[in-house]
Amino acid sequence: MRTPLAPILLAAGLAGAAGCTTLNAFEVTLDGETTIHGDQATAGSVLTRIPAIGSFASIDFASSEAFKQNQTTIESVRSLRVVQLEIQIVHPDGQGFDFLDELHFFAGAGSEEKEVAGKSGIAQLGLVPPNPKLWLEVDPSAELRPLLDAPSISLTARGSGRVPPQDTTLLATVTLRVELQLF
């Protein structure tokens with residue numbers, strides 16, 4: 001007895017499709033700079049803070065160009081997570097990361113804050129000039145969707161190390177993945 005193949009393939013295809021969902025998603029990349037004050041006279045003393053990155057102080061995703069281009073509203077976002085965070089020394093060309101021991105980034109809104117990425121032991125990584133890059137370890141479980149209900153989100157850097165011998169400008173590039181709900 002011959003069994004028609006088409007109905008079996010169609011049924012198998014529908015069963016497979018029922019368990020499979022297509023996820024609409026896009027990435028948003030944000031850049032920002034900060035300068036760590038350096039001084040030959042105080043070089044090597046304890047670094048007390050990482051200065052704020054101005055463009056990360058108040059991020060309004062709802063009015064961002066990426067959300068507009070993807071016709072996205074805050075209500076349609078299912079998930080928002082950092083997928084990559086890199087830091088590059090852009091000035092001076094001759095500065096490496098040997099002055100920095102650890103660096104952590106936190107996303108916050110109001111009184112809520114979550115660590116999204118970090119790295120320890122930076123000075124021992126051998127990231128030397130010219131213009132070295134440092135990739136932080138991203139926490140894949142750091143879900144930022146609950147923060148989107150606030151008017152804006154901030155990304156704050158905290159770290160420790162030693163004062164560099166000269167002013168050192170860091171460029172931070174953060175890539176976030178936005179996953180949308182399927183209606």
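Me: How many bridges join β4 to strand β8, and which way do the two run?

Reply: Eight bridges join β4 to β8, and the two strands run antiparallel. Keep in mind that this is a predicted model. β8 covers residues 154-162.

Me: Give me one pair there. In β8, what is the bridge partner of H104?

Reply: The partner of H104 in β8 is R158.

Me: And what stands opposite H104 in β5?

Reply: That is G118. β4 also pairs with β5, residues 112-120. Eight bridges hold that pairing, and it is antiparallel.

Me: How many residues lie between β4 and β5 in the hairpin?

Reply: Two residues lie between them. G110 sits in the turn, and its phi is positive, about 60°.

Me: Is β4 mostly covered or mostly open?

Reply: Mostly covered. The strand spans residues 100-109, and eight of its 10 residues are buried.

Me: Which way do β1 and β9 run, and over how many bridges?

Reply: β1 and β9 run antiparallel, joined by 13 bridges. β1 is residues 24-36. Two pairs give you landmarks. A25 has E179 as its bridge partner in β9. I36 stands opposite T168 in β9.

Me: What about β3 and β9, how many bridges there?

Reply: There are 12 bridges, again in the antiparallel sense. β3 runs over residues 77-91. As a landmark, Q88 in this pairing stands opposite L171 in β9.

Me: So what order do the strands take in that open sheet?

Reply: The order is β1-β9-β3-β6. It is an open sheet of four strands with antiparallel pairing. The edge strands are β1 and β6, and each pairs on one side only. β6 is residues 133-135. From one strand to the next, the twist averages 20°.

Me: Let's zoom in on one residue. Which strand does S79 lie in?

Reply: S79 lies in β3.

Me: Why does S79 count as buried?

Reply: Because its relative accessibility is 5%, and the cut-off for buried is under 20%.

Me: Which side chains does the S79 side chain make polar contacts with?

Reply: One is the side chain of R81, at 3.3 Å. Another is the side chain of E143, at 2.7 Å.

Me: Leave aside its neighbours within four places in sequence. What is S79 in contact with then?

Reply: E143, R145, R177, V178 and E179.

Me: Now the whole chain. How many helices and strands?

Reply: Two helices and nine strands. Along the sequence the pattern reads α-β-β-α-β-β-β-β-β-β-β.

Me: What share of the chain counts as buried?

Reply: 40% of the 183 residues.

Me: Last one. Take contacts between residues at least 6 apart in sequence. What share join residues at least 24 apart?

Reply: 79% of them do.

Methods
Residues are numbered from 1 along each chain as its sequence is written. This is a predicted model: local features need pLDDT of at least 70, side-chain atom pairs count only at pLDDT 80 or more; totals for chains, interfaces and linings use all residues. Side-chain values use heavy atoms; hydrogens and water are left out. Buried means under 20% relative accessible area, exposed over 50%, partly exposed in between (1.4 Å probe, protein chains only). Two strands pair if DSSP finds at least two bridges between them. Axes are lines fitted to C-alpha atoms, for helices over the stretch in contact, and angles run from 0 to 180 degrees between N-to-C directions. A polar contact is a pair of N or O atoms within 3.5 Å; within protein, one must be able to donate a hydrogen and the other to accept it, and residues adjacent in sequence count only if both atoms are side-chain atoms. Contact means heavy atoms within 4.5 Å.
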